[in-house]
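This report covers helix packing, a chain interface and some backbone details. Please keep the structure open while reading.

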Amino acid sequence: MLVIKLVGMTLLPVILSFFLHLLKKKTSFGNFAHSDIVAGVVFGAAAVICTEFGVDTGLAIYNTRDASVICAGLFFGWRASALAAVIGSVERFLAPLWGVGVYTRWACSIATACAGIFTSLIVKYLFNEENQPSPTQGFSMGAFIEVFHMLMVFVTHANDIHKAFEVVRQCSLLMILMNATAVALAILCIDFSNGKKQIYGDTEKLSFKFGYGLAIAMCIGFAMSISFISILQKRISDTDARTLLASNIEDVKQEILATNKTSLFDMRNSATYRHIGTSGYLVITDVSGNLITGSKEYIGRNASDFGISISSATRSEMQRASIGGVDSYYIHDVLNGFNIVAVLPVDEAKFSNRISVYVSIFMELLVFAILFIMLNALERTLILKNVDKVNKGLKSITSGDLSVKLDVNGNKEFKSISESINSTVDKLEQLIDEANARMDEELLLAKRIQQDSLPCVFPPFPNRQDVDVYATMQTAKQVGGDFYDFFFASKNKLYIVIADVSGKGIPAALFMMKSKTIIRNLAETEADLSEVVSKANNELCENNEMGMFVTSWVGCLDTDTGILTYCNAGHNPPAYVSKNRVDMLRRVSGLVLAGLPGVKYKSQTLKLEKGDKIFLYTDGVTEAVNSRVEMYTEDRLLDLLSDKECHDLSAKELCIRVKESVEKFSENQEQFDDITMLCMEYK
Amino acid sequence: MTIEKIENGSKLTFKVCGRLDTTTAPQLEEAVGNLEGITSLVFDFKDLEYISSAGLRVILLEKKAIGSGSLVCENLNDTIREVFDITGFSGIIDVR
């Protein structure tokens, strides 16, 4: 029955916490702004229930009022524990008015109030979203408050320390266990309902290792000091008991000698009314051990009946026996043939020792707990916070932001770390900039080489009146993959080439140089255009692991006949600009160059009239985008070229006109692709 | 650009959405990865808006990689179709 009540008392805050927690999670209660106030009231009510229906043992009431306050705080915020504490402690204080035990009134009220303060402080400053209390910590908190509670019983009854000691002795262990377990269980239940495995105590973290080491050190310190105190106290109480017993015997002996009492009556008087301490007493026996002092039923009986053993061997030595059913120390001495026995119950002898040890244990528990919390807080402020700051800063830096500067200056060491990291990053930035600058320089040179390798003297054939060519190449990056070429393979065979290597930048540039060289070399040796292109394709397919390819348009104009022969290997169709019309030459001769070996390219022919122009371009023109992500498109190009104004423009003027149009269209958007164009006029 | 991979025994289908250009082409190359045991490779270009030479290069590389297997590009929109036609890729790649 008692056990059931105790278990019920322990589980009360657990069930309440669990229930309210579920309510908070699953219903709109969780959204209610003052849910913590409501929780405070509910737990306050629980505290009252504990007081009113606690297990009353006459001396004290077993209850889990303090655990209720702690649970309120841990799960519903500092306001909840503060409110619950106020309700609980005030009610407890007033409770004697309607019959509840008055002995522990002050101790309990103060303890509950302090439970509220303690919990609220801890919840507000020590725990947060990521750092939730573990069951062990909850257990410790409950135990801490109960230890404090027990100390309060001593403190509030310093005047009748014996009774206080009895109360504490009887109920401290159970009270501590009940409250501590209640809090720990509540935490376990709620974590279980949240499905959490463990978000408290990542055992790899510094704070955990530090706390663990600190706890062990404190346990060792605690054990050492309590052992020391216990041993010392025992010695002292033993010595004090012996001294007390011996001096009482001496007094009696002196009194007898001084007043020359020899009669039984006189002896009896000396002893009977003498008290040793509070519960100790003197007994005088005759030479054979029969009592001559004491009340009627004792006189005449032998001392050994009561457990006192008198022999010359043990004279003046302190012995211990159960005398009259009470565990006692005693010393016996002899005077004038009578045995004088001084008896002191062990409980009284050890009382101050015990009280000392109890108070020491409780005090040390509290002190060590407070020290532990403070040292943890100190570690957190001095070390952890700064370490986190450094880590955060480094994270930003490693994710690419080299401009982040660390500024952790709580103490010299961290300041030094900050500064070192900052200067390292600065140095890195500097090295990166230098490397980039070198790279840029080289790319600039490469760009010059590329540009210079394309025919760039305009007008190219000042001595010829039958044909004119103008061309430009504008790379997107420093180096590009487009190229144009034009040259006379023989006196009347003018080759014009435009090409676009897949990709951009350095890889495209390298392949571009290769392609241009191969095409020109073949053109200068091969008579048949389709052979030039087919062979160029095969050569470019060799040693092309990277799978580069190049779209090209190669044309050969016979300046005598005006017949243009051309091959289109996957390139944008050129525009044929004549007096009456503008068309795209859409016949495709074959796959892009360097795609697959063995492709046979068929050439097409077109007869040019005087004044006709051929306009070659790469997709940098037709795919230029504006801010609305619209492309320039072939249609726009055709429209421009069809414009009557373009009729009489020279090759150069035409190219410039197209360039301006594209620039205007793209509205200063970043150039995405190489823009290349070539215009040939047959005059 | 997003790539959705559908495995069906020795047939591998990649649904490519968005733009296939210099920046995104390496993603596709990596997604296709090793074609060991694959005899049929399909690129579904239904939601492909744009393809540049870098994209074509990946397709060419995969065409070479699959060797005797088949490579098909399907659901090309008009723009993409035109690119394939001009570059002559429609001549060497099955286009549906």
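Which residues in α3(A) meet which residues in α7(A)?

## Basis

This is a predicted model, in which local features need pLDDT of at least 70 and side-chain atom pairs count only at pLDDT 80 or more, while totals for chains, interfaces and linings use all residues. Residues are numbered from 1 along each chain as its sequence is written, chains are lettered from A and ligands numbered from 1 in the order written, and side-chain values use heavy atoms, without hydrogens and water.

## Helices α3 and α7

From α3(A) come Arg65(A), Asp66(A), Ala67(A), Ile70(A), Cys71(A), Leu74(A) and Phe75(A); they meet Asn179(A), Ala182(A), Val183(A), Ala186(A), Ile187(A) and Ile190(A) of α7(A). Contact means heavy atoms within 4.5 Å. By class, this contact has 10 nonpolar, 1 polar and 2 charged residues. Ala, Val, Leu, Ile, Met, Phe, Trp, Tyr, Cys and Pro count as nonpolar; Asp, Glu, Lys and Arg count as charged; the others, Gly among them, are polar.

Helix α3 (residues 65–76) and helix α7 (residues 161–194) of chain A have axes that come within 8 Å and cross at roughly 30°. Axes are lines fitted to C-alpha atoms, for helices over the stretch in contact, with angles from 0 to 180 degrees between N-to-C directions. Helices are DSSP runs (H or I, at least four residues), as are strands (E, at least two), numbered from the N terminus. α3(A) and α7(A) are therefore roughly parallel. Angles under 35 degrees count as roughly parallel, over 145 as roughly antiparallel, 65 to 115 as roughly perpendicular, and the rest as oblique.

## Helices α1 and α2

The axes of α1 (residues 2–26) and α2 (residues 35–53) of chain A come within 11 Å and cross at roughly 165°. That makes α1(A) roughly antiparallel to α2(A). Their contact has 12 nonpolar, 1 polar and no charged residues.

## Chains A and B

In this interface, 25 residues of chain A are in contact with 17 residues of chain B. The buried area is about 1,600 Å², with 64% from carbon and sulfur atoms. Buried area is the accessible area (1.4 Å probe) that two parts lose on being put together, summed over both. Phe549(A), Leu591(A) and Leu596(A) supply 26% of the area that chain A buries against chain B, more than any other three residues.

## Backbone details

Most residues other than glycine have a negative phi, and most peptide bonds are trans. The bond from Phe458(A) to Pro459(A) is cis, with omega near -5°. Ser316(A) has a positive phi of about 65°.
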